[in-house]
Amino acid sequence: MENLILQNNGLIVKVHFKSSPENESELTYPEKDFSFEKEALKAQIHDEVLVCFESSKGDGFIKSDLASLKEELVYNKLNKLILNKSLDPNEIYVIIPPCLTFSNIEISKEEALEIRKLGYAPCCKGTSGKLYLDFLLLNVMQLLKVGIPFKNIKTVNIDTFENDEIFYSKKRGDEKYNLVEIF
C-alpha cells in the first residue's frame, strides 16, 4: 500500500506514505486554504493536525500546531469562514489524517494551566508524573465548539512519530514532509 485513503461524505483525503512533494509549486499554501472550484488541494505535514473539510460551497484545510494553540486557530478560522461564506456547520464534513498522538506531546504545568483556561481541560492528561496534550482532541473540541456535529468528524488513530516506516516526523528529526491531497 502506497497511501492511506480516508473518506467522509464527499470528502476524500489521500495521505501518501513517506512521500514529499516533488517541488513546492505542487502545494496549496495557507493563503489558499479554501477552494470554491472543488479543485484538489495539496498540503505538506509533519506531525501537526491537518483539519481537512468540505462544505457544499468548497473544500479546505487548516494546519494546526502547538504555536497556534492560544489563538484557537481551528475555531477562529472556521467560525470566520462560516460567517463570511454563509456555511451551515451541519453540512461541513471533516477528516483529520494521521498526526502526533497525546503520548508524544509532553507539556509543562504552566502550559496545562493555559490550556485549561481556554476551556480544554480534557485535553491535558497525566501519567507517570508527566503531563501530555491530546492535540487531536483539542482540535475536535474546537470543531464541536464551532457547531460541526460529532458525526461529521472522522479521525484516525495513527501516530506520525510512532509509524516511522510510513510517515515522516519532525519529532524524529525527519526534514521531509508527508504529502496530503484533499479532494
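Predicted model: local features only at pLDDT ≥ 70, side-chain atom pairs only at ≥ 80, totals over all residues.

Biologist: How far is the sulfur of Cys123 from the closest cysteine sulfur?

Modeller: The closest cysteine sulfur is in Cys124, at 6.6 Å, which is too far for a bond. A disulfide here needs the two sulfur atoms within 2.5 Å.

Biologist: And is Cys123 buried or exposed?

Modeller: Cys123 is buried, with a relative accessible area of 0%. Cys99 is buried as well, at 2%.

Biologist: OK, on to strands. How many residues of S5 are buried?

Modeller: Seven of the seven residues in S5, which covers 49-55, are buried. In a regular strand, side chains alternate between the two faces of the sheet. Here both faces of S5 are covered: Val49, Val51, Phe53 and Ser55 are buried on one side, and Leu50, Cys52 and Glu54 are buried on the other.

Biologist: Which strands does S5 pair with?

Modeller: S6, residues 58-64, runs antiparallel to S5 and is joined to S5 by seven bridges. S7, residues 93-96, is also antiparallel to S5, with three bridges.

Biologist: What stands opposite Cys52 in S6, and what faces Phe53 in S7?

Modeller: Cys52 has Phe61 opposite in S6, while Phe53 has Val94 opposite in S7.

Biologist: How many residues sit between S5 and S6?

Modeller: Two residues, and the strands form a hairpin.

Biologist: How many bridges hold S8 and S10 together?

Modeller: Two bridges, with S10 spanning residues 130-133. Across that pairing, Glu106 stands opposite Tyr132 in S10.

Biologist: Switching to pockets. What's the volume of the largest pocket?

Modeller: About 310 Å³. Its lining includes His46, Asp47, Glu48, Asp65, Lys170, Lys171 and Tyr177. By class, that lining has five nonpolar, two polar and five charged residues.

Biologist: And the second largest pocket, what's its volume?

Modeller: The second largest pocket has about 190 Å³. Among the residues lining the second largest pocket are Leu66, Ile105, Glu106, Ile107, Glu111, Glu114, Ile115 and Leu133. S8 and H2 (109-117) are the elements that give two or more residues to that lining.

Biologist: Which element gives the most to it?

Modeller: H2, with three residues.

Biologist: How does that lining split by class?

Modeller: The second largest pocket's lining has eight nonpolar, no polar and four charged residues.

Biologist: Next, H3. Which residues in H3 are buried?

Modeller: The buried residues in H3 are Phe135, Leu136, Leu138, Asn139, Val140, Gln142 and Leu143. An α-helix has 3.6 residues a turn, so residues three or four places apart point the same way.

Biologist: What comes after H3?

Modeller: Gly147 follows H3, and its phi is positive, near 110°.

Biologist: Which residues other than glycine have a positive phi?

Modeller: Asn9 is one of them, with phi near 60°, and Glu72 has a positive phi of about 50°. Most residues other than glycine have a negative phi.

Biologist: Where do those two sit?

Modeller: Asn9 is in the loop between S1 (3-8) and S2 (11-16), whereas Glu72 is in the loop between S6 and H1 (73-84). Asn9 is partly exposed at 49% relative accessible area, but Glu72 counts as buried at 12%.

Biologist: Last one, Asn178. How far apart are Asn178 and Ser19 in sequence and in space?

Modeller: They are 159 residues apart in sequence and 5.5 Å apart in space, C-alpha to C-alpha. Asn178 belongs to strand S12, residues 178-182, and is buried, with a relative accessible area of 0%.

Notes:
Residues numbered from 1 in each chain as written. Heavy atoms only, no water. Pairing = 2+ DSSP bridges. Helix = DSSP H or I, 4+ residues; strand = E, 2+ residues; numbered from the N terminus. 1 Å grid on protein atoms, 1.4 Å probe; cavity = no way out; pocket = protein on both sides within 12 Å on 5 of 7 lines; lining within 4 Å. Points joined across faces, edges and corners; volume = space filled by probe spheres on them. Nonpolar A, V, L, I, M, F, W, Y, C, P; charged D, E, K, R; others polar. Buried < 20%, exposed > 50% of the residue type's maximum accessible area, 1.4 Å probe, protein only.
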